[in-house]
Amino acid sequence: MDLGIAGKKALVCGASSGLGYACAKALVREGAQLVIVARTEGPLREAAAELAALGTGPVAWVAADVASEEGRARIFAAHPEFDILVTNAGGPPPGDFRHWDREAWLRAIDANMLAPIELIKATLDGMLARGFGRIVNITSSAVKSPVDGLGLSVGARSGLTGFVAGLARSTVARGVTINNLLPGTFDTQRLAGNFAAQAQREGRSVEEVRAARLAKHPAHRFGQPDELGHTCAYLCSAHAGYINGQNLLMDGGSFPGVF
Ligand code: NAP
């Protein structure tokens, strides 16, 4: 299927690895003109070169922290207009809420709630004026199914989810959709890091932790980033203009409810 987004200008955040990279890959294969962002220049530059080899032209990159005002300002100074926006950043650390002070909460809110809102603020009016826009926020299955210990993530992302639910209703009549993608457990560097931390905490091997999690999963496997990337590209496609304000769970059926 031709997704109808060749030549569209796309900003993909958190795109040097993992889920963001997979979204960038799927979009570049559709002929979108990419600008990718992550904080660390080396891996970002490599990712841009790999992505350029898959697409039809160069892939631009900006090494920036999307959680900082200065970082976002540099992105938009270099590239003011976008038709597609994929918001994404690292998730906050897990832990016991008794140990989180105001600073810990503000860091989570900055990265996982205010950064996407500011990125939307910087891109939305141009999309509305041109009559086409696709915004996808990568959030987490924990928004739908909160887990004790992930309070910083759930708290900040729930704020974003509520905000987007209202905003999306005001943009769709002018061709701009806003949706959230909620990953369950995907095989990325972050997941490997989480397993390593859990193994250390529990005095078990990483393989044991991984195997125990897989055994409980209805799919008996973790998601592959490309599966999420292709779904993201579809939500960004010309065909997805009537999908709006949704929270699309991608967890291989882990969530036990009907809806
Ligand atoms: P990942 O493999 O660690 O990749 C994160 C990417 O984002 C990297 O390119 C990283 O590069 C970049 N990044 C992190 N913080 C950034 C910032 N402040 N500004 C700009 N770029 C930033 O992580 P992932 O597994 O793909 O996860 C992506 C998001 O989905 C996270 O928020 C995570 O919590 C959420 N999520 C993931 C899963 C899963 O199973 N993987 C499940 C639920 C939710 P730099 O470090 O160089 O900036």
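Is Asp-83 buried or exposed in this structure? Asp-83 is buried, with a relative accessible area of 12%, where buried denotes under 20% relative accessible area, exposed over 50%, and partly exposed the range in between, as computed with a 1.4 Å probe and the protein chains only. The model is a predicted one, in which local features require a pLDDT of at least 70 and side-chain atom pairs are counted only at pLDDT 80 or more, whereas totals for chains, interfaces and linings use all residues. Residues are numbered from 1 along each chain as its sequence is written, and side-chain values rest on heavy atoms, with hydrogens and water left out.

Asp-83 takes part in a salt bridge with Arg-130, in which the closest N and O atoms are 3.4 Å apart; a salt bridge is taken here as a side-chain nitrogen of Lys or Arg within 4 Å of a carboxyl oxygen of Asp or Glu. This pair links distant parts of the chain, since Asp-83 lies in the loop between α3 and β4 and Arg-130 in helix α4, 47 residues apart. Helices (H or I, at least four residues) and strands (E, at least two) are DSSP runs numbered from the N terminus. Arg-130 also meets Glu-81 in a salt bridge, with an N to O distance of 2.7 Å. Because Arg-130 belongs to helix α4 (residues 102–130) and Glu-81 to the loop between α3 (69–78) and β4 (84–87), the pair ties together parts that are 49 residues apart in sequence. Arg-130 counts as partly exposed at 39% relative accessibility, and Glu-81 counts as partly exposed at 42%. Through shared partners, the salt bridges among Asp-83, Glu-81 and Arg-130 form one network.

By the same rule, the count of salt bridges comes to ten. One of them joins Asp-226 to Lys-25, with the closest N and O atoms 3.2 Å apart, and this pair links helix α8, which holds Asp-226, to helix α1, which holds Lys-25, across 201 residues. Asp-226 is partly exposed, with a relative accessible area of 31%, whereas Lys-25 counts as buried at 16% relative accessibility. In general, side chains of opposite charge can pair when their charged atoms come close.

Oxygen atoms of the ligand lie 2.6 Å from a polar side-chain atom of Thr-40, 2.8 Å from a polar side-chain atom of Arg-157 and 3.5 Å from a polar backbone atom of Gly-14. The protein covers 89% of the 890 Å² of accessible area that the ligand has on its own, as given by the Shrake-Rupley method with a 1.4 Å probe.

The C-alpha atoms of Leu-19 and Gly-91, residues that are 72 positions apart along the chain, are separated by 12 Å.

A search of the whole structure finds zero disulfides, a disulfide being a pair of cysteine sulfur atoms within 2.5 Å. Cys-23 is in no disulfide, and the nearest cysteine sulfur, that of Cys-232, is 3.5 Å away. The sulfur of Cys-236 is 4.2 Å from its closest cysteine sulfur, also in Cys-232, and is therefore too far for a bond. Cys-23 counts as buried at 0% relative accessibility, and Cys-236 counts as buried at 0%.

Backbone geometry draws attention to His-220, where phi is near 55°, a positive value in a residue other than glycine. Most residues other than glycine have a negative phi. His-220 lies in the loop between α7 (206–216) and α8 (225–235), and at 56% relative accessibility His-220 counts as exposed.

Key. Polar contact = N/O pair within 3.5 Å; in protein donor to acceptor, adjacent residues only side chain to side chain.
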